[in-house]
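Thank you for sending this entry over for a second look.

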Amino acid sequence: MEHDGPRLPAPRGPLSRGVDAYLRGAGRLPRPEDVARAEVYGDDLQLALYLCYELHYRGFAGVPPEREWDPDLLRVRAAMEHRFLSALRTDAHVHDSVAEALAGLLVEPVEGTGVTHFLRDEGELWQVREYAAQRSLYHLKEADPHAWVLPRLYGRAKAAMAAVEFDEWGGGRADRVHAVLFADLMTDLGLDTTYGRYLDAASAEALVTVNMMSLFGLHRALRGALVGHFATVEITSSPGSRRLAEAMRRTGAGPAAEHFYDEHVEADAVHEQVVRHDVIGGLLEREPHLAPDVAFGIDATEFVEERFGVRLLTDWRASRSSLREPLAREATHTS
């Protein structure tokens, strides 16, 4: 039986072409030398990884569900993961302790220069739309990658993590699920809310941010890194969301767009405390040997987000699109 999910995207090189063909039942998997030659943070390897990981979420139209645990595909995925994880451990390592890594997150620079500062101060509506399209790869499944860690936690860490995830999923109310709220934001911006719609358009840097969550979440050995990643997201979300809410208001993005980020300002200010004291605290109380992995997860998250931000700002400041293909000119909300 064919699976009803998003369509497979266009390949971006031999790795993703081979994975795509295999998923369609129309070709062989990539060779080991294809994995070895691919740029680790580039379009081809990152799209191939994304295709593999997406089988654990909603899959793709026409791809049998059994491919999720196909042993040959898993072997290729493992080779790509090894390259990706090795590169992150080499390139992203900054801090040796969790306390040092967290300290850096808790300080807001007086003169910020990141994407949220740009969008708040000078971004235009077309740039807001591009940002939302790229982020939709995660936000339309918001909190799902982090759910993989729940069976790998115990006691206080598990209870606290579940409480934060419950909020992310709307606290039991379908209309308050954050993925639904983001779809409402996209509607305000005249974007297509179909799951996976902007995969073809998304940059390699955007794929890296989502793939890292799946990498950490799907491996029990990386549970500490996943907790570090989650802590980084929650600690930095409230101030960043405040700036994005202001950007939505200034550009006239629409009430649902404003609400999405206003909701995160309040919710994530609370989540930040819970994650630091109970999720990280509870995890390290029980498994102190995971402290280096938690620090690595924090550093890796900042590393990949910085790369994504540089890509966006470089393109936007040159007055060019950050996307691989332009957005359709759907009507957007007007005040």
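Predicted model: local features only at pLDDT ≥ 70, side-chain atom pairs only at ≥ 80, totals over all residues.

**Notes on side-chain interactions**

1. The side chain of R176 meets that of E263 in a salt bridge with an N to O distance of 3.4 Å. R176 lies in the loop between α9 (155-168) and α10, while E263 is in helix α13, so the pair ties together parts that are 87 residues apart in sequence. E263, for its part, counts as buried, at 16% relative accessibility.

2. Once neighbours within four places in sequence are set aside, H178 is in contact with H139, E142, D167, E168, F260, E263 and H264. The side chains of H178 and H264 are joined by a polar contact of 3.3 Å. Is H178 buried or exposed? At 1% relative accessibility, H178 counts as buried.

3. F260, another of the contacts of H178, takes part in an aromatic pair with F182 that is edge-to-face, with 5.1 Å centre to centre and 70° between the planes. F182 belongs to helix α10 and F260 to helix α13 (residues 255-286), so this pair ties together parts that are 78 residues apart in sequence. F182 counts as buried at 0% relative accessibility, and F260 likewise counts as buried at 0%.

4. How many aromatic pairs are there by this rule? The count comes to 7 aromatic pairs, one of them being that of Y41 and F84, which is edge-to-face at 6.5 Å centre to centre and 80° between the planes. Y41 sits in the loop between α2 (32-37) and α3 (43-54), whereas F84 is in helix α4 (residues 71-91), so the pair ties together parts that are 43 residues apart in sequence. Y41 is buried at 10% relative accessibility, and F84 is buried with a relative accessible area of 0%. Ring pairs link Y41, F84 and F303 into a cluster.

5. Two arginines have their charged ends over tyrosine rings: that of R58 sits over the ring of Y195, 3.8 Å from its centre, and that of R67 sits over the ring of Y22, 4.2 Å from its centre.

6. A search of the whole structure finds 26 salt bridges, among them the one between K141 and E54, whose closest N and O atoms are 2.8 Å apart. Since K141 lies in the loop between α7 (125-139) and α8 (144-147) and E54 in helix α3, the pair ties together parts that are 87 residues apart in sequence. K141 counts as buried at 2% relative accessibility, and E54 is buried with a relative accessible area of 2%. Elsewhere, R31, E33, D34 and R37 are linked in a network of salt bridges.

7. A further salt bridge joins E205 to R311, with the closest N and O atoms 2.8 Å apart; E205 is in helix α11 and R311 in helix α14 (residues 291-317), so the pair ties together parts that are 106 residues apart in sequence. E205 is buried, with a relative accessible area of 13%, whereas R311 is partly exposed, at 25%.

8. Helix α11 (residues 204-217) also holds T209, which is buried with a relative accessible area of 5%. A polar atom of the T209 side chain lies 2.7 Å from the backbone oxygen of A206. Apart from neighbours within four places in sequence, T209 is in contact with R135, V304, E305 and F308.

Technical notes
Residues numbered from 1 in each chain as written. Heavy atoms only, no water. Helix = DSSP H or I, 4+ residues; strand = E, 2+ residues; numbered from the N terminus. Buried < 20%, exposed > 50% of the residue type's maximum accessible area, 1.4 Å probe, protein only. Polar contact = N/O pair within 3.5 Å; in protein donor to acceptor, adjacent residues only side chain to side chain. Contact = heavy atoms within 4.5 Å. Phe/Tyr/Trp six-rings, centres within 6.5 Å; stacked < 30°, edge-to-face > 60°. Lys NZ or Arg CZ within 6 Å of the ring centre and 35° of its normal. Salt bridge = Lys/Arg side-chain N within 4 Å of Asp/Glu carboxyl O.
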